Amino acid sequence: MNSKGFTFADLFAGVGGMRIAFEKAGGRCVLTSEIDEFALTTYFLNFPETIDHKLVKDVLKLSTKDFALAPGELDVMVAGFPCQPYSLAGLRLGLEDDRGGEIFTSLLRLLRTVKPKSFLLENVKGIRSHDGGNTFTYMFEQPTKCGYTLRHETLNSMTHANVPQNRERVFIVGFRD
């Protein structure tokens, strides 16, 4: 990262919460991916300048050329991928759910082809206990096979975001070897 900041891709962008944090830290968003039209409506209100970079709604259709950077040049890939397959409030189908397995496989494909210098994955706390912990172990091992060193931490918005809610999230951070 240099004094001019860093680049990041905002996958599963929602209304842009992660983008706010990464821009406050000096990042420049080079690609947005969000499939939900209602979320995109709010995202564009929050970030009207988004028109100046690439938007690919479906993560499954993303390719290396969409990132407008050569492989290995993207600084951070941010992905708060769907939580329904792992949430205690959902069916907990995990990788058997299309929003689970297919999307995670797509993220691995992007790690192998785009080769970001680092990535941040975010999901619900339930991902750690899904299938007796096997899902999380698999998800933690696979990026390692793509050439990344990983760390993970479970954080609660109540103690880390200064908001009045108890919302635990797992963050997985990877750095290319």
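How many of the residues of the protein chain count as buried? Of the 177 residues, 46% do. Keep in mind that this is a predicted model.

Let me start with the overall layout. The protein chain has five helices and seven strands. Going along the sequence, their order is β-α-β-α-β-β-α-β-α-β-α-β. Now take the contacts between residues with a separation of 6 or more: 63% of them join residues 24 or more positions apart. The accessible surface of the chain is about 9600 Å², and carbon and sulfur atoms make up 55% of that.

Next, the inside. In soluble globular proteins, nonpolar side chains tend to be buried together. In this model the largest nonpolar core has 30 residues, and Leu11 and Leu107 have the most contacts inside it. Several elements give two or more residues to this core, including strand E1 (6-11), strand E4 (76-79), helix H4 (134-145) and strand E7 (168-176). Which element gives the most? That is H3, with six residues.

Look at Leu11 on the structure. Leaving aside residues up to four places away in sequence, Leu11 touches Leu31, Ser33, Val59, Leu62, Met77, Val78, Ala79, Gly80, Leu107 and Leu110.

Tyr43 brings me to Thr32. The side chains of Thr32 and Tyr43 are joined by a polar contact of 3.0 Å. Thr32 is found in strand E2, which covers residues 27-33. Is Thr32 buried or exposed? Thr32 is buried, because its relative accessible area is 0% and the cut-off for buried is under 20%. Thr32 can also be compared with Asp66: the two are 34 residues apart in sequence, and their C-alpha atoms are 9.9 Å apart in space.

Now the charged pairs. How many salt bridges does a search of the whole structure find? It finds five, and I will go through some of them.

One of them is between the side chains of Glu23 and Arg19, at 2.8 Å from N to O. Both residues are in helix H1 (residues 17-24), and because they are four residues apart there, about one helical turn separates them. Glu23 is partly exposed, at 29% relative accessibility, whereas Arg19 is buried, at 2%.

Another joins Lys57 to Glu37, where the closest N and O atoms are 2.7 Å apart. Lys57 is in the loop between strand E3 (54-55) and E4, and Glu37 is in helix H2 (residues 37-46), so this pair ties together parts that are 20 residues apart in sequence. Lys57 is partly exposed, with a relative accessible area of 37%. Glu37 also counts as partly exposed, at 44%.

There is also a salt bridge between the side chains of Lys117 and Asp75, at 3.2 Å from N to O. Here Lys117 lies in the loop between H3 and E5, and Asp75 in the loop between E3 and E4, so the pair ties together parts 42 residues apart in sequence. Lys117 is partly exposed, at 36%, and Asp75 is buried, at 7%.

Notes
Residues numbered from 1 in each chain as written. Predicted model: local features only at pLDDT ≥ 70, side-chain atom pairs only at ≥ 80, totals over all residues. Heavy atoms only, no water. Buried < 20%, exposed > 50% of the residue type's maximum accessible area, 1.4 Å probe, protein only. Polar contact = N/O pair within 3.5 Å; in protein donor to acceptor, adjacent residues only side chain to side chain. Contact = heavy atoms within 4.5 Å. Areas by Shrake-Rupley, 256 points an atom, 1.4 Å probe, with all protein chains shown as cover. Core = buried A, V, L, I, M, F, W, Y, C linked by side-chain atoms within 4.5 Å. Salt bridge = Lys/Arg side-chain N within 4 Å of Asp/Glu carboxyl O.
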